[in-house]
Structures are given as structure tokens and as C-alpha cells.
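Dear colleague,

Please read the notes with the model open beside you.

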Amino acid sequence: NYCVPLADAGNEFLILAPKPFGGVANAPTHKNIEIIWLPSFPLPSYKDYLVAYLFPPSAKKKLNAFYPEVIHIHTPFFVAKQGLEYAQKKRIPAIGTFHTLLTEFLEYLPLPMKELKKSPVMEKLTWKYLQHFYRKCTILTTPTPAIAMELESHGFKRVHVLTNGIDYELFSCVKAKKSKDKKTKLVFHGRISFEKRLDVVLEALSLLTEKFPQLELHIIGNGPAENSLKSLAHELEISKKVRFVGPMPSGSAALASEVRSKDFLVTASPMETQGLNVLEAMAAGLLVIGANARAIPIAIGKNERGLLFEPGNAQDCARQIEKAIKNPALCKKLTTAAKKYSKQFDKKLVAKKLLELYESVAANR
């Protein structure tokens, strides 16, 4: 998202990342960007999440030759840990970015007992580990003030809010896929994992099908919860109204066109640290109906740029969908405000702020 515009300005990047299986998609190609693909393995319970486990001597040799002024770490494990140790040894400033609330991610880790994954002890130990890891960083970034406050409440220091970015121009301008039917189409795009709580959206849809027979839900993406959701759709007798579109490249014209062809984005996730799909839908002119939890109400406001429902409450989710269907004038007002709001998250603007942060920590080296 950010490397290419910064590389265009003459900045150089060396990226070390886990090598995807089945080839590399959407990797930036630029004379000022070099990528080292590291050996990786998928988590057994979450095969879309790749873990780079090895930092081979050849990669370290290239890193030494590159001689970075700043090291930016995006996970608190394995190779990132070695990158942080390298930064400390070479006295190079290290920026950590807190993307995911790992306490909500424990169910995917290969731990022996299901009860252990959800225990208060395990949650406490996870926070202790994260504190131990990130305190070694020069600065810690996270995308929203709400998550920054949550981190600070757990004792994290030097937390800086730096939003993630979207391709605003693409989502706001791409031509939508044409459709001649008169159906009302809900959409979700992103990782299809259990913490996204798409089961709530399916239950809300089942409550509305009799009143709104033309209502459909389109789910774009893939992930470990997909089969479970298909089974639930069958149990709720709404299989014909739920379309599993499959994955589309993040930030692609195909994805933007698919999203723009829908009416409302519905997200029930209670653990978003930002929710880029929310901002992309706003840029595309869709009304967002989202769970009133963590980062989503920051984007939506107090029902100023979308509609909120109580987290985990399918009945309330259904009420907000019905409200949107019955009030096109309200939808227009909210989507106009939402599109204006989402413009500040354009990736070019975010890249500029990121460069300012890099320059700031490098100057104080």
C-alpha cells in the first residue's frame, strides 16, 4: 500500500515476508523495493495465516548490505523477533505496528486445550508477552485511537496512532458491475474467520427474508469459518440467498467493482482494530451497517456515517438493515458523509504520514 508511493519519491525498501504458497500475488515491483521471501508454514487451524520461521544467513547478509535506517516490524513473533534483536544490536530505531488483538486470536493457535485458549490466564499471559516484546520498539503504531487507548490501559508506552490506508480513488471511481435484477444486496469482504461473527449477519438475514424476499448476502473472501457458515446458511434455510463469491485480490479493481455493485456492507466483527473493508465500502458509496465495537463506531460515528447495532445481536442487526432498506433518503445522507470521511484514509496521504514518522525516528537515532 505505502511502499510504492514512497519508493517513487526515492526511498528504498527491503521487505522480508513469508513466502505464500502457490505463488506471489500483488507484490510490489519497483527498482527501489527488494523483497526477500522467507520459508513459511500455515497455522494448522488457520491455513491462510503464514508464519515465517527462518531468517537464513543469505537474508541477513542482504540486510547488512542494505544497512537500514529504520526497521518496521508488523508481528510479534519469529522473524520479526529476530528483526527487533537486529535493530537493538545495530542501534537502529524500530517501529512496531499493532495490527491484531492477539487475545482475540488465541483460538487459532495450536494450543492443546480449547478451554486454555479462552482462559483469563492465557489472555493475561498474552498481554504480558506483547508488553515484553513491544517495549523494545522505539515507537508503537496502531490504526485507531480506540486501540491506542486499549494498549495504553495495558501499560504500553510510546503509542502513536497511524491509520492504515485504502485506495480511495479506486473504490470511489471504479465502474460497478452491472446487474439488471432488482435485488437488495448486502456484502461482506475480507477474511472469513470466526471472530468476524458472520453468523450474526446470516441470522439477521434469516429474520428478514420473509419481509424482504429480494434480499441477498454476498460474501467475498475465504477463511477457516467458510464451511461453518455454509452449514449455518443451510440450517437457516437461506442457502439460496447467500452467495460465497470467493477471494479477490485486496485493493484490486475487480474487488472494488464487485463491492460497488452492492447496496450495504454489513460487518458484525467486535474486534476490528480499524476495518479497512468499512472504509473501502464508504469510499465506494455503500451504507455501512456495523457492530458497535472497537474501531467500527469510530468510522461510523454516532450513526452519522452509517448504522450501528449491538454486537452479537442478530435482531438488532436485522432492525438496522430494515431501517436502511426503508429509508433511502437517510441512506443518501449517511453515505454522502461517509464518502467524505473516508477520503482522509487515501493511501497516498497515509504514506506521507508514515514517511514523516520514519524520518522523525531516524533523525533521533
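In helix α11, L279, M282 and A283 meet A338, K339, Y341 and S342 of helix α14, where contact means heavy atoms within 4.5 Å, and helices are DSSP runs (H or I, at least four residues) numbered from the N terminus. The residues of this contact of α11 with α14 divide into five nonpolar, one polar and one charged; Ala, Val, Leu, Ile, Met, Phe, Trp, Tyr, Cys and Pro count as nonpolar, Asp, Glu, Lys and Arg as charged, and the others, Gly among them, as polar.

Please keep in mind that this is a predicted model, in which local features need pLDDT of at least 70 and side-chain atom pairs count only at pLDDT 80 or more, while totals for chains, interfaces and linings use all residues. Residues are numbered from 1 along each chain as its sequence is written, and side-chain values use heavy atoms, with hydrogens and water left out.

Helix α11 (residues 276–283) packs against α14 (residues 328–342) at an angle of about 115 degrees, with their axes 7 Å apart; axes are lines fitted to C-alpha atoms, for helices over the stretch in contact, and angles run from 0 to 180 degrees between N-to-C directions.

Helix α14 also has a contact with α13, in which K323, A324, I325 and K326 of α13 meet P328, L330 and C331 of α14. By class, that contact of α13 with α14 has five nonpolar, no polar and two charged residues. The axes of α13 (residues 314–326) and α14 come within 5 Å and cross at roughly 100 degrees, which makes α13 roughly perpendicular to α14 (65 to 115 degrees).

Notes
Helices (H or I, at least four residues) and strands (E, at least two) are DSSP runs, numbered from the N terminus. Angles under 35 degrees count as roughly parallel, over 145 as roughly antiparallel, 65 to 115 as roughly perpendicular and the rest as oblique.
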